[in-house]
Amino acid sequence: MERRERFAIAVVLLILIGLPAAALGYQYWLRPALSSTRMIDIRAAAPEAGGFQPDAIQVNAGETVTLRFSSTDVTQGIAIGPGLGIDLGHVDPGQVKEITLTFDHAGTYTFYCNSWCSPDHWRMRGIVQVDDPANPGALPTSQRDPVIEALIAEGVDIDDNVHTDDHPLPVISLDRVPSVARGEMLTSTVNVPADLQNAAWRRSHSPAQALDLLIADNPSMGRAELADVIAYLWSGGLSAEQITAAQTLYNKNCAACHGETGAGDGPVASSTENNPVIFADAGYMFTRRDDVLYAKIRRGGMGTDMPNFGTLFTQDETWALVNYLRSFSGTGQGPLGDAH
Amino acid sequence: MRWLHTARIWRLPLLIGLLTLAWLVFPFPGAKAATTRHITLDASQFAFSPGRVHVNQGDRVVFTVAAQDVVHGFYLDGYGLKTRVEPGVSQQIEFVADKTGKFRYRCSVNCGSLHPFMIGELVVGSNTPFWRATGLIVLAAIGMLVYLWQSGRVQEMKQDGTLQSSTP
Ligand SMILES: [Cu+2]
Ligand SMILES: [Cu+2]
């Protein structure tokens, strides 16, 4: 009897301890050991519950690694950028999504959550540091952005939009919301100064400045019509896919604050200290330069709630976003830009 | 006109019966043809607002689901409709409420600790038959009372001879 009891206890213990040990051992020890690539487990939790664990990983250029993402609390979305085009989609608690990849060059990438999982969701980011094994000590070149460098050299303050009482928002008056479509029909009848035909010039000047030049060259034309021509010149010539991609990025990352139609009325707007900029206001957006909007998206606000997206999006994606923002006030291409 | 006299005691129940039939067959003036119902559903941790929606069978229902804080989902039992809502980007779900009954709608994105309790209820009522049936029962009850009362009178009349004299 004694022996049988002991045997029974041993069996129960084997099941209670051995089974989980086997399952976990397989997942965390056997499988990584058998796998030809390095496995890195990253557990995701909402930022207030700790965010990504770990939130920084190191790999070598040319090394193949498998990243395994799991969630410990709520549904998260996993993407890695910039420019990798990796979106693993949603990771529910208890689910594991993995990706095997090889980074070709030394540099820094960001894995981030792209599902609005908590009020602080946008802080949920982690770093992949890719080192060059031939040159291990070298720090990855910090992302240089010629556009932002040029703005700094020019002495442009990209935070001049941040409203204070002694510094009201710039705005010009426009009689109506400009229209790309109307502008396109008019443009052949209008004298367009050479500067305005130059894309680089347009990026570093505001539509309002361009409108003044256009008015000077076309004194017989109405101001509202000329504003339409400016809207046409500023519409970025994007492909339908680029616009859809920009819309997806906007809806996932920006609409919570800036609102679906750029009215600055997203549900999170009520909890930001400064008001999210209203992109639907044509008179305001006409005073903004494309490169300044671009720089704000990439660098983020200075002590405001505007997050930085430079480590998530490519430069082209950012320009497409700028254009998409303009579509809310009839000036860029997008679902709303076409409607006006 | 003769039958009217002979069956005098049956007149009222007969009338009631005919009315009831009409009641069941002809449509209600109030129970108009199916309409389109636009309903805004606000989803926030951890409830839908409104938590209960009532529509009539056949109505075209347009739910506009808006997430007020974090990503939420919307799943409608019975109809198998599903969507995912990012805060700031409302989603529309359109369908014809052709099945009657109570259907739960629940959050389909794990949005936090009390997520399993994020449930609302859609009631698709086939109102008209219900009220008609109620009316029918009430009428039947009244008819029964009248019948009993009348037959009681017949009995009395037979006894005191009045029934005899009124018949030609
Ligand atoms: Cu998140
Ligand atoms: Cu929810």
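Modeller: Along the chain, the donors of the copper ion (ligand 1) follow the spacing C-x1-S-x1-C-x3-H. This is a predicted model, in which local features need pLDDT of at least 70, side-chain atom pairs count only at pLDDT 80 or more, and totals for chains, interfaces and linings use all residues. Residues are numbered from 1 along each chain as its sequence is written, chains are lettered from A and ligands numbered from 1 in the order in which they are written, and side-chain values use heavy atoms, with hydrogens and water left out.

Biologist: What makes a residue a donor of the copper ion (ligand 1), and which residues are they?

Modeller: A donor is an N, O or S atom within 2.8 Å of the metal (3.2 Å for Na, K and Ca), and sites may look incomplete because water is not among the atoms. Cys113(A) through SG, Ser115(A) through O, Cys117(A) through SG and His121(A) through ND1 lie 2.0 to 2.5 Å from the copper ion (ligand 1), so these atoms meet the 2.8 Å limit.

Biologist: Why is the site of the copper ion (ligand 1) called irregular?

Modeller: The angles among its four donor atoms run from 80 to 126°. Four donors count as tetrahedral if all angles lie between 85 and 135 degrees, and four count as square planar (six as octahedral) if opposite donors are over 155 degrees apart and all others between 65 and 115, with anything else irregular.

Biologist: Turning to chain B, which residues coordinate the copper ion (ligand 2)?

Modeller: The copper ion (ligand 2) is coordinated by His72(B) through ND1, Cys107(B) through SG, Cys111(B) through SG and Met118(B) through SD, at 2.0 to 2.6 Å, and in sequence these donor residues are spaced H-x34-C-x3-C-x6-M.

Biologist: What makes the arrangement around the copper ion (ligand 2) tetrahedral?

Modeller: Its four donor atoms subtend angles of 101 to 120°, and since this range lies between 85 and 135 degrees, the arrangement is tetrahedral.

Biologist: Where do His72(B) and Met118(B) lie, and why can the pair be said to tie parts of chain B together?

Modeller: Helices (H or I, at least four residues) and strands (E, at least two) are DSSP runs, numbered from the N terminus. His72(B) lies in strand β5 (residues 72-76) of chain B and Met118(B) in the loop between β8 (101-106) and β9 (119-125), so the pair ties together parts that are 46 residues apart in sequence. His72(B) is buried, with a relative accessible area of 0%, and Met118(B) is buried with a relative accessible area of 0% too.

Biologist: What is the secondary structure of chain B, and how much of the chain counts as buried?

Modeller: Chain B comes to four helices and nine strands, in the pattern α-α-β-β-β-β-β-β-β-β-β-α-α along the sequence. Of its 168 residues, 35% count as buried.

Conventions
Buried < 20%, exposed > 50% of the residue type's maximum accessible area, 1.4 Å probe, protein only.
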